[in-house]
Amino acid sequence: MVEIVAEGRNLVKKYGDKTVVDGIHFQIKRGECFGFLGPNGAGKTSTMKMMYCLSPVTSGELFVLNLDVNTRGSEIKSRIGVVPQDDGLDTDFTVLENLQIYASYHNLPADTADKRARELLRFMRIDEKSTSPVDQLSGGMKRRLAIARGMINNPEMLFLDEPTTGLDPQARLLIWDNLRALKKEGMSMALTTHYMEEAEQICDRLVIMDHGRFLCEGKPSDLITEHIGREVVEFSVEDKDINYFIERVKNKYDYQVIRNRFHLFIKPNQDGKAAVASISSSDVTIRKATLEDVFLKVAGHDLRED
């Protein structure tokens with residue numbers, strides 16, 4: 001039987017009259033990485049903050065490690081790890097001291113804390129910086145240190161809020177490697193991101209979220225197959241020609257038009273190259289379908305517009 005490590009039922013979060021999480025339902029299984037994917041303002045971070053007991057639930061039910069967040073918050077906090085968007089690292093201390101001090105908040109004995117901290121620095125590949133001041137670290141190293149800090153108490157579940165935002169591609173890849181290694185060790189994770197590639201690379205299952213609601217849920221590859229297909233043909237037309245091209249493609253392909261740009265969704269039994277050849281536009285491209293295409297289709301707008 002699959003064990004559920006987190007579950008939300010008709011979960012709502014309001015700030016005054018504004019509803020930022022609007023009646024969502026989800027289950028996260030032990031040992032998986034579950035992603036909340038969507039633009040800024042979608043409600044991802046608000047959902048996470050309720051899960052790790054930083055923000056109270058407005059209504060609905062929410063359980064983490066089979067404990068009610070409304071009544072068992074202290075126990076939940078002692079058994080989970082959190083990597084918030086803001087690293088909050090203490091620049092008055094060295095890299096190693098940051099972990100040792102944080103371990104003291106979990107009442108770890110000093111020798112245990114020191115051993116655990118050094119193991120985590122090696123795991124995150126920043127052990128050579130253990131005696132360096134935090135403000136001498138690169139952005140990617142600071143993020144890896146924040147992840148190590150979130151794991152100092154050997155948590156049963158790890159929450160990561162936008163773990164690679166603002167990092168360069170190389171730093172992002174290093175963190176992805178670390179998260180994959182954690183998955184192999186059986187760590188249960190909940191992750192928020194607005195990076196489509198990150199969600200595809202790391203998440204076993206995910207929800208696409210917008211304006212506080214879930215638009216779809218499933219494995220990344222299944223969502224791509226279900227909503228888009230195998231490939232996408234893109235091309236732009238003059239505004240005056242949009243209706244003409246709609247008539248040409250509507251009976252042949254599933255499609256979407258955003259502004260004056262067409263997206264033709266090519267199913268496995270269709271020929272993308274034939275679609276390209278049939279389009280009289282100067283900038284026709286064909287590419288592999290992605291999660292961003294899924295978002296465009298289910299949300300009806302570009303991810304960057306929010």
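Visitor: At what angle do helix α8 and helix α11 pack, and how far apart are their axes?

Guide: In this predicted model, helix α8, residues 220–227, packs against helix α11, residues 291–299, at an angle of about 55 degrees, and their axes are 9 Å apart.

Visitor: Why are α8 and α11 called oblique to each other?

Guide: Angles under 35 degrees count as roughly parallel and those from 65 to 115 as roughly perpendicular, whereas the angle here is about 55 degrees; α8 and α11 are therefore oblique to each other.

Visitor: Which residues of α8 and α11 meet, and what is the hand of the crossing?

Guide: From α8, the residues P220, L223, I224 and H227 meet L291, V294, K297 and V298 of α11, and α8 passes α11 in a left-handed crossing. Sorted by class, this contact of α8 with α11 has 6 nonpolar, 1 polar and 1 charged residues.

Visitor: What makes α3 oblique to α4?

Guide: Helix α3, residues 95–105, and helix α4, residues 110–123, have axes that come within 9 Å and cross at roughly 130 degrees. Roughly perpendicular covers 65 to 115 degrees and roughly antiparallel begins over 145, so α3 is oblique to α4.

Visitor: Which residues make α3 and α4 meet, and of what classes are they?

Guide: On the α3 side they are V95, L96, L99, Q100 and A103, and on the α4 side A113, D114, A117, R118 and L121. By class, the contact of α3 with α4 has 7 nonpolar, 1 polar and 2 charged residues, and α3 passes α4 in a right-handed crossing.

Visitor: Why are α3 and α5 described as roughly parallel to each other?

Guide: The angle at which α3 packs with helix α5, residues 139–150, is about 25 degrees, with their axes 9 Å apart. Angles under 35 degrees count as roughly parallel, and α3 and α5 are therefore roughly parallel to each other. Their contact is made by V95, L99 and Y102 of α3 together with L145, A148 and R149 of α5, and these residues divide into 5 nonpolar, no polar and 1 charged.

Visitor: How do you know where empty space is left?

Guide: Rolling a probe the size of a water molecule over the atoms shows where empty space is left. Counting cavities of 30 Å³ or more gives 1 cavity, and the largest cavity has a volume of about 40 Å³.

Visitor: Which residues line the largest cavity?

Guide: The largest cavity is lined by R248, V249, K252, Y253, S278 and I279, and by class this lining has 3 nonpolar, 1 polar and 2 charged residues.

Methods: Residues are numbered from 1 along each chain as its sequence is written. This is a predicted model: local features need pLDDT of at least 70, side-chain atom pairs count only at pLDDT 80 or more; totals for chains, interfaces and linings use all residues. Side-chain values use heavy atoms; hydrogens and water are left out. On a 1 Å grid over the protein atoms alone, a cavity is a set of points where a 1.4 Å probe fits but cannot get out, and a pocket is an open set with protein on both sides within 12 Å along at least five of seven lines; lining residues have an atom within 4 Å of a point. Grid points are joined across faces, edges and corners, and a volume is the space filled by probe spheres set on the points. Ala, Val, Leu, Ile, Met, Phe, Trp, Tyr, Cys and Pro count as nonpolar, Asp, Glu, Lys and Arg as charged, and the others, Gly among them, as polar. Axes are lines fitted to C-alpha atoms, for helices over the stretch in contact, and angles run from 0 to 180 degrees between N-to-C directions. Helices (H or I, at least four residues) and strands (E, at least two) are DSSP runs, numbered from the N terminus. A crossing is left-handed if the near helix is turned anticlockwise from the far one by less than a right angle, and right-handed if clockwise. Contact means heavy atoms within 4.5 Å.
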